[in-house]
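Have the structure open while you read.

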Amino acid sequence: MAKADHPSPVIVLVRPQLGENIGKAARAMLNFGLTEMRLVAPRDGWPNPSAGPAAAGADIVLEKAQVYETTADAVADCANVYATTVRKRGVTKVVQTPEEAARDIPRQQGRSAILFGPERSGLETQDVALARTIITAPINPEFGSLNLAQAVILVAYELSKHDDLTMPTQEKVLPPAPQEELDGLIAHMEAMLEPRNYFLPEGRAEATRRTLRGVLTKPGWNHLEVRTLRGVLSSLGRAPGPRGD
């Protein structure tokens, strides 16, 4: 989800030809958390009944899609426009890989838009001229043809790696458990192993304890995982009770 002061990039499909490809592009977008699609003069009009099945459930993207007559209209509210193209078409602009662009977009002030051209011919010179930056993937120079959905997913994936607009924030990922909780887990396990002579011979006891601590420390358990493991150990330490069947 985008920050309030930094909305997600807009994906602009310029003169897309097939409804199926629009649907596949929508699916690619939603895979990586992008939901704002803009269409410039789609060849077969909009809405297109072929887009829905191809979107495979990415209906929110299609339902919110906006249609514009020109590329200039579609990016009028965007301060940073990127054009995806294999050829620079004689226009002198900054050229970045998808990864480089994905690192820069979150740092830019204002909205960013990424242009994708028609399936058959790609962006025209006048479309590229609107952009400040060109995005070109380092693909096989002898076969530089990507379909529309492939191009969208390539850029969307890079955005998801470098931009917290589309990836889960650290607040949603539980941090490692405090050292006190981890020490409690280690002490609990040592207390259960001691009466079973696990730390014999005594000459190796200290090294064995260090190795055990290393094994339990390496995964970086969060507090829920530590609590679960403590529960497992407590259960194993109890005498077997009657079965409930």
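Let's start with helix H1 (residues 19-31) and helix H7 (residues 148-162), which pack at an angle of about 15° with their axes 8 Å apart. Before going on, note that this is a predicted model, where local features need pLDDT of at least 70 and side-chain atom pairs count only at pLDDT 80 or more, while totals for chains, interfaces and linings use all residues. Residues are numbered from 1 along each chain as its sequence is written, and side-chain values use heavy atoms, leaving out hydrogens and water.

Helices (H or I, at least four residues) and strands (E, at least two) are DSSP runs, numbered from the N terminus. Axes are lines fitted to C-alpha atoms, for helices over the stretch in contact, and angles run from 0 to 180 degrees between N-to-C directions.

H1 and H7 are therefore roughly parallel to each other (under 35 degrees; over 145 is roughly antiparallel, 65 to 115 roughly perpendicular, the rest oblique). On the H1 side, the contact (heavy atoms within 4.5 Å) includes Lys-24, Ala-25, Ala-28 and Met-29, and these residues of H1 meet a set in H7 that includes Val-152 and Ile-153.

| Helix pair | Residues | Axis separation | Angle |
|---|---|---|---|
| H1 and H7 | 19-31 and 148-162 | 8 Å | about 15° |
| H8 and H9 | 179-193 and 205-217 | within 11 Å | roughly 130° |

H8 and H9 are therefore oblique to each other. Their contact involves, among others, Leu-182, Ile-186 and Glu-190 of H8 along with Arg-209, Leu-212 and Arg-213 of H9.

Now for the inside. The largest nonpolar core has 29 residues, and Ile-11, Leu-13, Met-37, Ile-114, Phe-116 and Val-152 have the most contacts inside it. Such a core is a set of buried Ala, Val, Leu, Ile, Met, Phe, Trp, Tyr and Cys residues joined through side-chain atoms within 4.5 Å. H7 supplies the largest share of this core, 6 residues. What does Val-152 touch? Leaving out residues up to four places away in sequence, Val-152 touches Ile-11, Leu-13, Ala-25, Ala-28, Met-29 and Phe-116.

Finally, a glycine: Gly-57 is in the loop between H2 and H3. Gly-57 counts as exposed because its relative accessibility is 54% (exposed is over 50%, buried under 20%, partly exposed in between, with a 1.4 Å probe and protein chains only).
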